[in-house]
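Visitor: Please take me closely through a single part of this model. Then place that part in the whole.

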Amino acid sequence: MSGLLDKRLIFVTGKGGVGKSTVAAALGMVAARQGRRTIVAEVAHQDRVARAFTEEDSHFREVRMAPDLYTISIDPQHALEEYLRIQVRVRALADVLSGSRMFQYFAVATPGMSELVTMGKIWELAQLERPSGSAAYDLVIVDAPATGHGVAIMRTPKTFADIARIGPVAQQGRAIHATITDGEFTGVVAVALPEEMPVSETIMLSGILREELGLDIDRIVVNGLYPDRFKPAEAQQLRGALDHAGSPESRAALRAALSEHVRASEQREQIARLAEAGDTTPARLPFVFCEQFGRDEFEALSQALEATL
Amino acid sequence: MNVADVLADKRVLICGGSGGVGKTTTSAAIAMGMAARGLKVAVVTIDPAKRLANSLGLTELGNEPALVDPKVFAKSGIEMKGELWAMMLDAKQTFDEIIDRLSPDESTRDEILGNRIYQELSSAVAGSQEYTAMSKLYDLDRAHDFDLLVLDTPPSRNAMDFLDAPDRLTNFFEGRALQLFLRPTGLATRIVGRGTGVVFSVLKRVTGVDLLEDLSVFFRALGGLIDGFKERADQVNKLLADPQTVFLLVTSPEREPIDEALFFWRKLKAARMPFGGVIVNRVHHDEVPAGDGGDIAAELAGELGDKLAAKVAENFEDYLVLARRDRENIDRLAAKLNDDRLLLVPSLDQDVHDVSGLERLHRYLFTSEAGRRKLLEEAAA
């Protein structure tokens with residue numbers, strides 16, 4: 001799987017709360033360390049990635065987080081304005097349009113419009129010669145919405161192209177669709193936690209991606225794996241020790257150990273389920289025991305991730 | 001804080017929060033607890049875990065609440081005095097139902113349901129789950145005789161999506177802008193002003209004629225439903241602000257879900273929606289005396305051997321890191337809320353995926369602060 005970072009565009013998706021943003025950022029760090037000019041694009045106006053690295057506002061701005069590593073938070077409103085400027089070419093006309101109240105309503109009410117212009121901006125970022133005239137990136141990593149909406153957003157260009165048939169939206173929709181269904185150009189990383197729901201959703205995602213976009217998941221990343229500290233026989237010993245009265249500290253420590261043993265075993269069962277369902281071996285990232293997930297933790301996690309690639 | 005007190009005299013409970021914090025299981029445990037106390041309760045879930053859905057006898061079919069077999073509870077030793085009904089929301093089907101109900105005639109309905117923009121995009125769009133969930137809640141409130149409705153909200157990344165959903169769709173129909181869109185030439189242009197003619201022609205250039213035509217047809221057909229949509233949005237908003245409605249926010253003790261909960265809470269306050277409290281799931285308590293890893297290892301070495309004792313101590317160190325993290329985040333939450341309606345549920349050994357799991361969780365929700373402390377002590381004994 002060494003080819004993953006040689007792609008130009010990677011979508012990182014998965015169930016809500018599994019650490020998509022964290023994995024997207026860690027993946028970006030790996031790529032940047034290897035000398036690729038990389039940008040991590042967020043699409044739900046939450047500057048989660050940026051906040052760990054920089055004070056700068058990444059709201060529709062390409063902000064540098066580290067050498068060769070940038071981030072941007074894409075919001076539909078700005079994406080639409082930029083799209084219009086590029087499409088209409090005559091600046092004054094574009095401004096008339098984006099300033100018009102009727103157009104604002106139109107943009108809000110048209111189903112899929114936000115998704116379409118967001119995809120348009122992602123595509124723009126991944127071009128070698130960018131319509132906006134900005135410097136090109138070697139790799140664009142998209143911190144995409146959760147599973148269902150993540151696939152929906154990827155499908156929007158095609159849907160619009162089909163409906164529009166001819167005209168600029170149709171043309172561009174087809175171009176974007178061709179790009180994201182090109183396995184050489186585009187990759188998909190699915191992030192999961194080793195728990196029932198996220199694993200089920202990952203298995204489902206793999207089916208939907210294939211069915212709707214003809215894409216395969218390039219890499220499944222299982223996040224938050226507890227260390228497998230205690231063997232079943234050891235757990236038995238711990239239970240025995242807990243039966244004899246000890247100091248409150250020791251009892252608490254024994255209970256924590258048993259609790260972790262249960263969790264760690266359940267996690268392994270879920271990973272086994274995932275491995276059974278797919279044809280790629282999931283990459284595993286350790287649970288990070290820390291009070292604040294900061295730069296150092298990102299660094300450590302990206303090292304762990306690099307080792308799995 | 002005791003959930004039973006929060007829900008006294010309430011008819012609608014909405015559980016909000018970010019994804020992956022145990023919102024679905026919490027909603028189900030609350031609904032079950034209230035039903036056990038004698039109410040007729042319906043819980044609307046969006047996407048329950050399969051095992052939980054199975055254990056409640058939920059299937060994907062129907063899109064209407066179904067009574068959960070009372071035997072399910074008897075098996076787990078729960079005395080069920082009332083009734084628990086449950087349903088899984090099908091966003092697409094709910095949307096179709098709304099169109100069906102609001103359409104003035106069959107041909108309008110068929111035109112919308114058959115429109116490609118509607119078919120392809122209505123369920124794919126961010127916010128459509130939110131919209132249909134709110135709408136379903138309203139329908140259930142109106143058409144049934146439940147004592148309590150519990151809504152497990154979709155995992156929005158943006159709380160706004162959820163609260164604004166009913167309004168957003170109807171905004172488009174406000175004012176003269178739509179009229180212009182439906183009849184781009186003629187009178188409307190003159191009314192709205194000259195500039196908009198330009199807007200329309202630029203729009204045509206940007207989108208392409210076919211797309212604009214399809215959109216026109218779509219909006220024109222939808223135009224017949226304007227009043228229905230508006231009225232529905234008003235009703236949903238009324239239901240949300242009703243004194244018998246209450247919001248509970250669900251979170252885990254990690255930083256980001258707590259940020260999200262705070263964001264949601266501020267929105268609720270700004271919109272004057274009734275806030276009932278915050279439930280924090282999976283808390284690593286640090287009530288235990290903070291021991292030094294060395295002591296624990298030394299104390300246990302006799303019984304477990306050096307190696308295993310050291311592992312136990314090391315594991316406990318990690319646990320205490322999480323306990324400190326949780327404490328810090330919860331303190332921050334409490335300070336910002338400036339409110340004592342905060343309910344902490346400990347990290348349970350096993351994920352909740354069946355009725356007996358719901359029962360374990362529900363014990364922590366339906367008791368006082370003192371009761372929770374006692375449960376923790378019992379678990380430690």
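Guide: The close look comes first, and the surroundings follow.

The model is predicted: local features need pLDDT of at least 70, side-chain atom pairs count only at pLDDT 80 or more, and totals for chains, interfaces and linings use all residues. Residues are numbered from 1 along each chain as its sequence is written, while chains are lettered from A and ligands numbered from 1 in the order in which they are written.

Start with the sheet of chain B. It is open, has eight strands and mixed pairing, and its order is β3-β4-β2-β5-β1-β6-β7-β8. The edges are β3 (66-67) and β8 (342-346) of chain B; each has a single partner strand, so one side of each lacks a neighbour in the sheet. Strands (E, at least two residues) and helices (H or I, at least four) are DSSP runs, numbered from the N terminus. Two strands pair if DSSP finds at least two bridges between them.

Two bridges link β3(B) to β4(B), and the two run antiparallel. B:Leu67 stands opposite B:Trp85 in β4(B). β4(B) runs parallel to β2(B), with six bridges between them. Here B:Thr45 faces B:Met88 of β4(B).

Strand β7 (residues 275-283) of chain B runs parallel to β8(B), through four bridges. B:Val280 has B:Leu344 as its bridge partner in β8(B). A helix covers this sheet: α2 (residues 23-36) of chain B packs on it. α2(B) touches β1 (12-16), β2 (40-45), β4 (83-88), β5 (148-152), β6 (245-251) and β7 of chain B. Its direction makes about 170° with that of β2(B). Axes are lines fitted to C-alpha atoms, for helices over the stretch in contact, and angles run from 0 to 180 degrees between N-to-C directions. Contact requires C-beta atoms, placed from the backbone, within 7 Å.

One residue of chain B deserves a stop. B:Thr132 sits in helix α8 (residues 128-143) of chain B. B:Thr132 is buried, because 26 other C-beta atoms lie within 10 Å. The cut-off for buried is 20 or more such atoms within 10 Å; 12 or fewer is exposed, and in between is partly exposed. Apart from residues up to four places away in sequence, B:Thr132 touches B:Leu89, B:Ala91, B:Thr94 and B:Phe95. B:Arg272 is 140 residues away along the chain, and its C-alpha atom is 22 Å from that of B:Thr132.

Next, the domains. Chain B splits into domain 1 (3-170 + 230-285 + 319-380) and domain 2 (177-226); the bounds come from an automatic or database domain assignment. Eleven residues of domain 1 of chain B are in contact with nine of domain 2 of chain B. On the domain 1 side, the elements giving two or more residues are α6 (106-114) and α7 (116-121) of chain B.

How far can chain B be trusted? Its mean pLDDT is 83, and 82% of its residues reach 70 or more. Residues 186-193 of chain B fall below 50, and this stretch has ten contacts beyond near neighbours in sequence. pLDDT is the predictor's confidence in each residue, from 0 to 100. Where it is low, the predicted coordinates should not be read in detail. For the complex, the predictor gives an ipTM of 0.87 and a pTM of 0.89.

Chain A has an open sheet too. Its eight strands have the order β3-β4-β2-β5-β1-β6-β7-β8, with mixed pairing. β3 (63-66) and β8 (283-286) of chain A are the edge strands, each pairing on one side only. Strand β1 (residues 9-14) of chain A runs parallel to strand β6 (residues 186-192) of chain A, joined by six bridges. A:Leu9 has A:Thr186 as its bridge partner in β6(A). Helix α9 (residues 196-213) of chain A lies across β1, β6 and β7 (219-225) of chain A, at about 160° to β6(A).

Last, the cores. A nonpolar core is a set of buried Ala, Val, Leu, Ile, Met, Phe, Trp, Tyr and Cys residues joined through C-beta atoms within 7 Å. The largest has 97 residues; A:Val12 and A:Leu27 are among those with the most contacts inside it. Helix α1 (residues 20-33) of chain A gives the largest share, nine residues. Domains 1 and 2 of chain B each contribute at least three residues to this core. Beyond its neighbours within four places in sequence, A:Leu27 contacts A:Ile10, A:Val12, A:Ile141, A:Val189 and A:Leu305. A second, separate core of 71 residues includes B:Met1, B:Val12, B:Leu239 and B:Leu248.

Notes
Contact = placed C-beta atoms within 7 Å.
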